[in-house]
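Please keep the sequence and the model in view while reading.

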Amino acid sequence: QTEGADGLFIGPPRQGRLGFAKGRWIVNLTRRLEHPDGSFAGMVGAVLPVGYLLHFFSTVRLGGDGAVGLFSDTGILIARSPLIESFIGADLSKGELFTSRLPNANRGTFISAYPSDGIRRITGYSAVSGFPAVVYAGLSQDEVLDPWFNRLLFEAAIAALAMALFVGASWAIGSYAERRRRWQEERSRRLKLLADECAHLVGMGSVRDVLDHVAGVSRRLIGARWASATITDGADAEDTTTAVSFEDAGAMAGAPADLAADVCDLIADRQRPLLLTQAELEGHPLWDQLPKGADAPPIKGLLSVPILVPGGTLRGHLCLSGKTTGDFTQDDLNEILQLVSVAGTAIDTLRSAQARDAAIGELTLTGEIRNVTQAAQRASEAARLGYHTVLDSSSRKLAQALNELKVRGMPR
């Protein structure tokens with residue numbers, strides 16, 4: 001009436017006292033009426049139930065924690081759905097919407113926690129054109145972002161799993177390649193050692209040297225704690241020659257070589273190669289009979305190969321045990337077979353050379369005896385002839401002397 005304001009005036013929400021409005025939240029709406037000369041002519045008013053606004057707001061689906069409401073342009077909360085009665089009519093003019101948002105833009109969005117319930121919401125607002133009111137609607141940030149966040153977590157988990165699989169596969173491939181490289185290097189080293197030592201075996205001067213060399217080389221080649229090489233020249237056990245090589249000769253100084261040979265004699269198959277893991281060896285029927293104790297050689301798995309000479313004749317066997325890393329493998333067996341094959345040839349060559357030398361010696365001895373006999377015969381014949389010559393000469397001299405005596409003794 002006094003200020004001459006034009007337009008709709010929205011009063012603060014209040015609870016009615018009379019009639020149908022009694023006990024209900026209502027809002028008074030008033031407008032100034034003027035005469036043609038602009039003077040005050042009265043006012044027109046209406047009562048708007050807040051429940052009407054709440055019913056309308058409830059039709060807007062904003063999720064379980066969503067909120068929609070109406071402010072006056074002075075920051076008074078007129079209606080809010082869902083309803084929180086303690087906040088109806090509250091002055092929220094100090095909130096972010098009225099202090100920083102509406103002064104800069106009549107409409108927009110922002111993210112903030114509501115003072116009414118503390119829920120953080122993504123809020124859109126707009127000043128109602130031509131009316132002193134501001135309408136807003138807010139969606140719970142968690143409800144909006146949870147599906148996206150859950151999908152993000154799921155996709156991140158899938159990506160992390162894929163990355164882990166990729167890294168794991170890369171590591172596995174890299175590890176395999178590294179193990180393969182180391183295996184190839186070790187394989188090359190062992191093959192070179194095998195070739196060098198096989199070439200050296202051919203030049204050995206005695207069977208004993210061959211056995212000692214085979215035992216030592218096989219142990220170093222395979223990485224065993226000990227190796228035993230045995231050959232037999234006949235059915236008699238006294239014709240057996242054994243060579244044993246220990247990894248730590250000092251530590252095994254008290255372990256007699258025949259104990260290692262006993263292990264081989266009990267378990268080894270003299271007719272064919274034999275490869276046993278430690279578990280297989282412990283399950284062998286003769287396991288309990290193997291020598292054990294401080295003086296016994298360490299037993300861990302067993303690798304045994306027969307020593308054959310060209311033609312397939314069995315000469316003996318090579319036995320290894322106590323592998324330092326893992327169990328004996330097929331590669332170990334193949335390399336030992338090559339070494340033993342060369343050793344068998346070297347032994348056969350040495351035996352052949354020994355037999356040849358013995359034969360030559362016998363022939364030489366026979367020739368010398370023949371020469372001596374012939375010389376004796378010649379001496380005997382010469383003696384016989386000399387005797388007759390001397391006898392004839394003596395007889396002639398004796399006859400001559402008798403004749404001279406006869407001549408001298410005759411009377412004149």
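**Briefing on the predicted model**

Leucine 276 stands opposite leucine 302, a residue of strand E13. The model is a predicted one. Its chain has 412 residues, of which 32% count as buried, and its secondary structure comes to seven helices and 14 strands. The points below take up the two open sheets, the helices that lie across them, and some individual residues.

**The chain as a whole**

- The accessible surface of the chain comes to about 25,000 Å², and 58% of this surface belongs to carbon and sulfur atoms.
- Among the contacts in the chain with a separation of 6 or more, 51% are accounted for by residues 24 or more positions apart.

**The sheet with strands E5 to E9**

- Strands of a sheet pair through backbone hydrogen bonds, and the pairing is either parallel or antiparallel.
- Here, five strands form an open sheet with antiparallel pairing, in the order E6-E5-E9-E8-E7.
- Strand E6 (77-81) and strand E7 (107-113) each have a single partner strand, so they stand at the edges and one side of each is left without a neighbour in the sheet.
- On average, neighbouring strands of this sheet are turned by 20° against each other, direction ignored.
- Strand E7 and strand E8 (residues 120-127) pair in the antiparallel sense over seven bridges.
- Serine 112 has arginine 121, in E8, as its bridge partner.

**The sheet with strands E10 to E14**

- Five strands form an open sheet in the order E11-E10-E14-E13-E12, and the pairing is antiparallel.
- Strand E11 (240-246) and strand E12 (274-276) are the edge strands, each pairing on one side only.
- Neighbouring strands of this sheet are turned by 15° against each other on average, with direction ignored.
- Strand E12 pairs with strand E13 (residues 302-309) in the antiparallel sense over three bridges; in E13, leucine 302 is the residue opposite leucine 276.

**Helix H1**

- Helix H1 (residues 50-58) lies across strand E5 (67-72) and E6, and runs at about 40° to E6.
- Which residues of H1 are buried? They are Val50, Leu53, Leu54 and Phe57.

**Helix H3 and glutamine 141**

- Helix H3 (residues 141-202) lies across E7, E8 and strand E9 (133-140), running at about 40° to E9.
- Glutamine 141 has its place in helix H3.
- Why does glutamine 141 count as buried? Its relative accessible area is 18%, and a residue is called buried because that value is under 20%.
- Leaving out residues up to four places away in sequence, glutamine 141 touches Ile111, Arg120, Arg121, Ile122 and Asp146.

- Helix H4 (residues 207-222) lies across strand E10 (224-232), E11 and strand E14 (313-323), and runs at about 35° to E11.
- The 16 residues of H4 reach 22 Å from the first C-alpha to the last, close to the 22 Å expected at 1.5 Å a residue.
- H4 is mostly covered, since twelve of its 16 residues are buried; among them are Val207, Val210, Leu211, Val214, Arg219 and Ile222.
- Histidine 213 is found in helix H4, and it is buried, with a relative accessible area of 17%.
- Histidine 213 touches Glu197, His200, Leu201 and Met204, when residues up to four places away in sequence are not counted.

**Backbone details**

- Most residues other than glycine have a negative phi, and most peptide bonds are trans.
- Is the peptide bond from serine 81 to proline 82 cis or trans? The bond is cis, with omega near 5°.
- Proline 82 lies in the loop between E6 and helix H2 (96-101).

Key. Residues numbered from 1 in each chain as written. Predicted model: local features only at pLDDT ≥ 70, side-chain atom pairs only at ≥ 80, totals over all residues. Heavy atoms only, no water. Pairing = 2+ DSSP bridges. Helix = DSSP H or I, 4+ residues; strand = E, 2+ residues; numbered from the N terminus. Axes fitted to C-alpha atoms, helices over the stretch in contact; angles between N-to-C directions. Contact = heavy atoms within 4.5 Å. Expected span 1.5 Å × (residues − 1). Buried < 20%, exposed > 50% of the residue type's maximum accessible area, 1.4 Å probe, protein only. Areas by Shrake-Rupley, 256 points an atom, 1.4 Å probe, with all protein chains shown as cover.
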